Amino acid sequence: MCHRRNGYHTFSLRLKYADMASVSQSPVTFSGSLSSATSASDLLRSSINGVNGVPLKTLGKGHVGHRRKGLDIVAKVRKVKKHEYPWPQDPDPNVKGGVLSHLSPFKPLKEKPKPVTLEFEKPLMDLQKKIIDVQKMANETGLDFSDQIISLENKYQQALKDLYTHLTPIQRVNIARHPNRPTFLDHVFNITEKFVELHGDRAGYDDPAIVTGIGTINGRRFMFMGHQKGRNTKENIQRNFGMPTPHGYRKALRMMYYADHHGFPIVTFVDTPGAFADLKSEELGQGEAIAHNLRTMFGLKVPIVSIVMGEGGSGGALAICCANKLLMLENAVFYVASPEACAAILWKTAKASPKAAEKLKITANELCKLQVADGIIPEPLGGAHADPHWTSEQIKNAILESMDELEKMGTEELLRHRMLKFRKIGGFQEGLPVDPEKKVNMKRKEEPRPGLISDKVLQGEVNKLKEQILKAKETSSINMDQNGLIEKLQREINYEFSEAAKALGIEEKLSIMREEFAKAENEQLTSGQIENLESLKNEFNENLATAPNYGRLKYKLSLLKEITEAKIFAENYKKTLPLKAKVNEKFKEVLEKSTLRQNIENLKDKIEKSGVSAIEEFDQELKEKVLEVREQLESEFVNALESSGVHVASKVGQTSMSMIKAKVDELNAEINHIIQDVIESTPDLKNKIEILKLEVVKDKSAPSKESKEKIESLQQQIKQDVADIMSSAAVKERYEQLQAELAEISVGSDGSLIKEPSYA
């Protein structure tokens, strides 16, 4: 078969062999437009020598040779309708499949894709269902529900806006993988006036997962290449789910060289979970093909713009996006490892993928902050699949704007721009100031030195802890550690005391006194030294209010008092939780008793019939009835507690509780006064206390073993002396008197149970 391009003539040669041994001189017949004056053997032999249609005799060849018997040659002309390739000048707009349908096997889908609802979009679907139901009801009944429909639509739009403006990283990953998301060819046919697809890697294969071709935007030619996913299961299988093989990268490489030779700017589209990692691809050099593309793209002399329109996975994406400008759609992601793979490696389960997606910083916003991506292309609410044409228009504008900027550069400047873009990713240079935001994460956070923590921060921590305690109280579970905050406040207070001592000149006097004590031969302080120490202490206390930092010291002391009270409350509350649960359980059992419930219901009916709500307005009979039911309830409740092993020691009212507290405080004050008087009248005890204070102050930073033993010995001696004081007759007598007073208060109480202390 032989084809001539100028006339599309087809020549059909039919050869018949009769007898190979016989030599016949019978003529060979021709049919067609060939001249009968030239023999077939002449034509055949002349064509072998490289000259078509010229007899051998005319070339000076005298000897023709034997002719084969039964040789017939038939020539037929096939008429074909001519058209301008690849684009007709006057295309028919009514052609099925579109004007450019003959340029690519990519055709519009016959059926609309089925809507797919992501997990986090289900609340929106509920609103949408309500709108449809109301519209259906309006159509069936003929009633006007336009106001309700408008209200629901407004709620839907607001919910849609709130949802898509506060997406989490894993939600953006799910949108990037949405099966209805527009593909590379969808965008290309939307943004180009003319596009012709180019196939093959010139090595025997055409990878359908990477599509390349030349197209025009506003009359400007570009070389397009990108990953192509399928729009349904059949197409996904055909396109290998957008995962290229080495043949696809070599096809893209061939088109890069082609574009560089002809000066076509390159636009690449990235949408792949990664290169196809099977055994055959590795055997054919998957890594080498990707590496070759990376090296080549840095040397291309034409502008390159890459657009991540879905997910860009690892080297499979990077192989066609080493560009001057890397742009990302709003909900696109770009990663070295998928969140599921990262979670499986670090947390041993793919369920941790939301956490991995957040830590990987793979969204467009995060990558722009890291200067990996150069810009974000907006998407409509609901994702690119909600309005593909609008998204394509945004991509078109971004391409033209970027190309306008890059085409102003010379070749050397363009290559340097591309090189510097990738050199600055993750790089650093010594001697340059570091961004405060980055500096925070460069080293482990340490506790600020005392005095550097602001009062506002301390107050915030205290308030936060109080809120936690109140919240835990509501949920009947409390599990907090206040010791850390107390230690922090104590460090702050010690620092403020030291600063106040320096400001008042006490620190210098105290240092001189320490030196004198160190020179003393015996460890016991003299009476003169004790008097000097006491005088210095009094001087500090008297002048403390004049210190510059007195306000901060007083404020921090108040915070320490608050947090200490909170700690005591939390500890007490935690101890009472089991008892509280048991009491509540018994109280419910008591209320379930039929007789008591009947009495309470009767009392409620009488109160309702009386028409009054305040207890002060009740008549005498109703008040007596209330007291009777109350006493019955309390009696049943106490009996239930006693039977379950909870002993009710006394029934004291709230008023009596305040009286008891006042009496106890009074006794404590008297005891403290007695102890103070005994200390003042006992020089030996007073001397021991002063020595203990001095030892604590002297070796505060790094106490020695001897100092620790001495401090413990002094503490034991002081405790024994104080215990002797507490066992004195005066203290015993006052304690017995208080017990008698408390017993009288308990007898005269109104019978109400002790209420749980509150903390606010």
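**Notebook: strands, helices and buried contacts in a predicted model**

I began with strand E10, which pairs with strand E12 (residues 375–377) in the parallel sense over 3 bridges; two strands are taken to pair if DSSP finds at least two bridges between them. Helices (H or I, at least four residues) and strands (E, at least two) are DSSP runs numbered from the N terminus. I noted that this is a predicted model, in which local features need pLDDT of at least 70 and side-chain atom pairs count only at pLDDT 80 or more, while totals for chains, interfaces and linings use all residues. Residues are numbered from 1 along each chain as its sequence is written, and side-chain values use heavy atoms, with hydrogens and water left out.

**Entry 1: around E10**

I then looked at strand E9, which runs parallel to E10 and is joined to it by 4 bridges; here Val305 has Lys325 of E10 as its bridge partner. I asked how many of the residues of E10 are buried, where buried means under 20% relative accessible area, exposed over 50%, and partly exposed in between (1.4 Å probe, protein chains only). The count is 5 of the 5 residues, so E10 is largely enclosed by the rest of the structure. Lys325, Leu327 and Leu329 point one way from the strand, Leu326 and Met328 point the other way, and all are buried.

Asn331 lies in the loop between E10 and strand E11 (333–335), and at 2% relative accessibility I count Asn331 as buried. I listed its contacts (heavy atoms within 4.5 Å), leaving aside neighbours within four places in sequence, and found Leu167, Arg172, Ile175, Ala176, Arg181, Glu379 and Gly383.

Val173 sits in helix H4 (residues 169–176) and counts as buried, at 0% relative accessibility. Not counting residues up to four places away in sequence, Val173 touches Val333, Pro339 and Ile362. I checked Val173 against Val333: these two are 160 residues apart in sequence, yet 6.3 Å apart in space, C-alpha to C-alpha.

I also looked up Phe120, which is in the loop between strand E4 (71–77) and helix H2 (122–141) and is buried at 13% relative accessibility. With residues up to four places away set aside, Phe120 touches Leu163, Tyr164, Leu167, Gln171 and Ile175.

**Entry 2: helix H15**

Which residues of H15 are buried? They are Leu414, Leu415, Arg418 and Lys421. Seen down the axis of H15, these buried residues fall within an arc of 125°, so they line one face of the helix; the arc is that of the directions from the helix axis to the C-beta atoms. An α-helix has 3.6 residues a turn, so residues three or four places apart point the same way. On the other side of H15 I noted Glu412, Arg416 and Arg423 as exposed. The buried residues of H15 pack against helix H9 (286–297), strand E9 (304–313), strand E10 (325–329) and helix H14 (388–406).

**Entry 3: helix H20**

The 17 residues of helix H20 (residues 527–543) should span 24 Å, and the end C-alpha atoms are 24 Å apart, which agrees. Its buried residues are Gln529, Ile530, Leu533, Leu536 and Phe540. They cover an arc of only 125° around the axis, which puts them on the same side of H20. The face turned away from that buried side carries the exposed residues Ser527, Glu531 and Glu542.

**Entry 4: aromatic pairs**

I searched the whole structure for aromatic pairs and found 8; rings of Phe, Tyr and Trp (its six-membered ring) pair if their centres lie within 6.5 Å, with planes under 30 degrees apart counted as stacked, over 60 as edge-to-face and the rest as tilted. Phe195 and Phe224 form an edge-to-face pair, 6.3 Å centre to centre with 70° between the planes. Phe195 lies in strand E5 (residues 194–198) and Phe224 in strand E7 (residues 220–227), so the pair ties together parts that are 29 residues apart in sequence. Both Phe195 and Phe224 are buried, and ring pairs link Phe189, Phe195, Phe222 and Phe224 into a cluster.

Technical notes: The expected span of a helix is 1.5 Å times one less than its number of residues.
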